[in-house]
Amino acid sequence: MSDELSILVIDDNKIRASIIEQGLRDAGHEKVILVDQMDWLVRQISEINPDVIVIDLENPNRDQLEHMFQVSRAVRRPIAMFVDKADSHSIEAAVDAGVSAYIVDGLKRERVKSILDMAISRFRAFSRLSEELEEVRTELADRKTIDRAKGILMRSKGLSEQEAYDLLRRTAMNQSRKIIDVAQSLVIASGLLGD
Amino acid sequence: METNLRPVIAGFIPLLDSAVVVAAAEMGFAEREGIALKLIRETSWANIRDRISVGHFDVAHMLAPMPIASSLNLTSLAVPMRAPMLLGLGGNAITVSTALWADMADAGADPSGDPASTGRALADVIARRRDAGAPLLHFGVVHPFSGHAYELRYWLAAAGIDPDRDVEITVLAPQVMADALRAGQLDGYCVGEPWNTAAVDAGTGRIATYKQAIWPDSPEKVLGVTEKWAEANPETLASLMRAFSAAADWCADPKNNRELADILARPDLLACPAETCLAALSGQIRLGPATTKSVPGFLTFAGGATAAPMPAHGKWFYEQMVRWGQAVHSADALEDVERIFSPDAYLSALGLTGVSTDNVIEMFDGVRF
């Protein structure tokens, strides 16, 4: 058996999968295989015959994967366990991050740990990225709503843009609400009134 | 007011029989018992097990055999667990492809789903396929440690079919079963509703038989809780079971079928048409395109004594684990199982006394446990 570990990454999210792949390659693992197509999972795994399997917890095929390990007919070598049962810290960190790993029986724990740690940190980085993206999206949508509210005030009250914004801000402060909430109410009310 | 509520986090899988947990949170039953119940939807049973093991969830909607498998260390990341209450009885069915049903019907399968008759017909079809050198039929279940796996195996074995030799059994997520049937990856499956009705309505499947006919009034989902959490929070657990019991009674009332179906159909819960949920909730089962059958108790929600787990239930599941090579028989394990499925905590929380706990299980083929 060659010293090179083959690592199978199963993830429906192609972007996240490739981020993990890159991380593992940067860490010197050459044999990283990505699977995002879930059909014929059993056949794919028996063909790839990996030493370590990393799977995202959102994947509904986890139960199928575990079943496969129980009836090891499908996979040439017995595969077992979610890292090492005794290492509860790693397990918690993995579940927190949304990833699970299975390893071939008898593989050295230290070698797997670095792979799992990499997957965990990449998963975390990815979800941070997703959150930031979501924030940016919300921010953009908020800004559009505020612009519309300003437009409504400018038209109906003959205000300048700055005056319209000041009015929104003052109203928000007086009512202890956020500017976006006031703007939203105004846009909705204006829609109802047929503006 | 809200600050006095005790928070409880519950994991669930989007299935019809998550109704009790959902109703407890949505209809105010949990709050009335002083509990702020937070539900977290999960995508796989393995996640439910892992997240309750690491403490993300306090309790969970679980397959009845799961707390046993976990306590006996038969799966990875296992911890000692209890199943102090039943969340649903029945609710599963065995669906076969329309092509396989045509062969079974030729072999005399009862169109109204009698398990002895449909099993015999399937055995005939399998024997004929073997003589013709056809490939093995492929069946799906949702988890190796599930009522579905044991019902399917029991039904097959009662008809003289060896589930490990005469067919292939694989595990697939419930929501993809109907697609796998249509794509020809499966010839049949055992799954909870609404995923049988979904295949019948799509014209790709035919319900061959159902859980209520195989093992009447049998447990399907339980409230799963780690032994550690149960011992540290006995009062919260008791309040929670009272809330679930009241929610179960509400779910069981036919008046509420429509409202319950509408809630469960929501995109954040089952995300399916409310009509699809109604078949099992009302017990009007569409076995095939032209065959609707009224099956009382097809899926039962009930508070009161019906929701009490019985040691016999646990022992039946354990016997199936031993029968199919998942566990080695031991007297110690059997004692553990009786404790896992003890009705005591539930009966005492509900103040129920004089309930007989030595019930006998009778299967469709007359075998008694």
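Guide: Start with B:R266, which counts as partly exposed because its relative accessibility is 26%. Buried here means under 20% relative accessible area, exposed means over 50%, and partly exposed is in between (1.4 Å probe, protein chains only). This is a predicted model, where local features need pLDDT of at least 70, side-chain atom pairs count only at pLDDT 80 or more, and totals for chains, interfaces and linings use all residues; side-chain values use heavy atoms, with hydrogens and water left out. Residues are numbered from 1 along each chain as its sequence is written, while chains are lettered from A and ligands numbered from 1 in the order in which they are written.

Visitor: Which side chain does B:R266 meet in a salt bridge?

Guide: That of B:D268, at 3.0 Å from N to O. The rule asks for a side-chain nitrogen of Lys or Arg within 4 Å of a carboxyl oxygen of Asp or Glu. B:D268 is partly exposed because its relative accessibility is 43%.

Visitor: How many salt bridges over all chains?

Guide: A search of the whole structure gives 33. One of them joins B:D17 and B:K221, with the closest N and O atoms 2.7 Å apart. That pair links distant parts of the chain: B:D17 is in the loop between strand 1 (6-12) and helix 1 (19-26) of chain B, and B:K221 is in strand 10 of chain B, 204 residues away. Helices (H or I, at least four residues) and strands (E, at least two) are DSSP runs, numbered from the N terminus.

Visitor: Are B:D17 and B:K221 buried or exposed?

Guide: Both are buried. They also belong to a network of salt bridges with B:E151, B:K211 and B:E220.

Visitor: What about B:R82, which residue is its salt bridge with?

Guide: B:E227, and there the closest N and O atoms are 3.8 Å apart. B:R82 lies in strand 4 (residues 81-90) and B:E227 in helix 11 (residues 227-232) of chain B, so the pair ties together parts 145 residues apart in sequence. B:R82 is partly exposed, with a relative accessible area of 22%, and B:E227 is partly exposed at 21%.

Visitor: Switching to cores. Which residues in the largest nonpolar core touch the most other members?

Guide: B:M104, B:L122, B:F139, B:L152 and B:W155, in a core of 72 residues. Helix 7 (residues 147-158) of chain B gives the largest share, six residues. A nonpolar core is a set of buried Ala, Val, Leu, Ile, Met, Phe, Trp, Tyr and Cys residues joined through side-chain atoms within 4.5 Å. Beyond four places away in sequence, B:F139 touches residues including B:V96, B:L100, B:V167, B:I169 and B:L186. Another core lies apart from it, with 61 residues, among them B:V22, B:V225, B:A230 and B:L270.

Visitor: And the interface, what area is buried between chain B and chain A?

Guide: About 1,900 Å², with 52% of it from carbon and sulfur atoms. Buried area is the accessible area (1.4 Å probe) that two parts lose on being put together, summed over both. The contact takes 27 residues from chain B and 20 from chain A. In chain B, B:L77, B:V171 and B:Q185 lose the most area to chain A, together 23% of what that side buries.

Visitor: How many salt bridges between chain B and chain A?

Guide: Two. A:E66 forms a salt bridge with B:R49, the closest N and O atoms being 2.8 Å apart. Helix 3 (45-53) and strand 7 (167-171) of chain B each supply at least two residues of the side that touches chain A, and helix 3 has the largest share of that side, six residues.

Visitor: Last one, how many helices and strands in chain A?

Guide: Seven helices and five strands. Chain A has 195 residues, of which 42% count as buried.

Definitions and conventions: Contact = heavy atoms within 4.5 Å.
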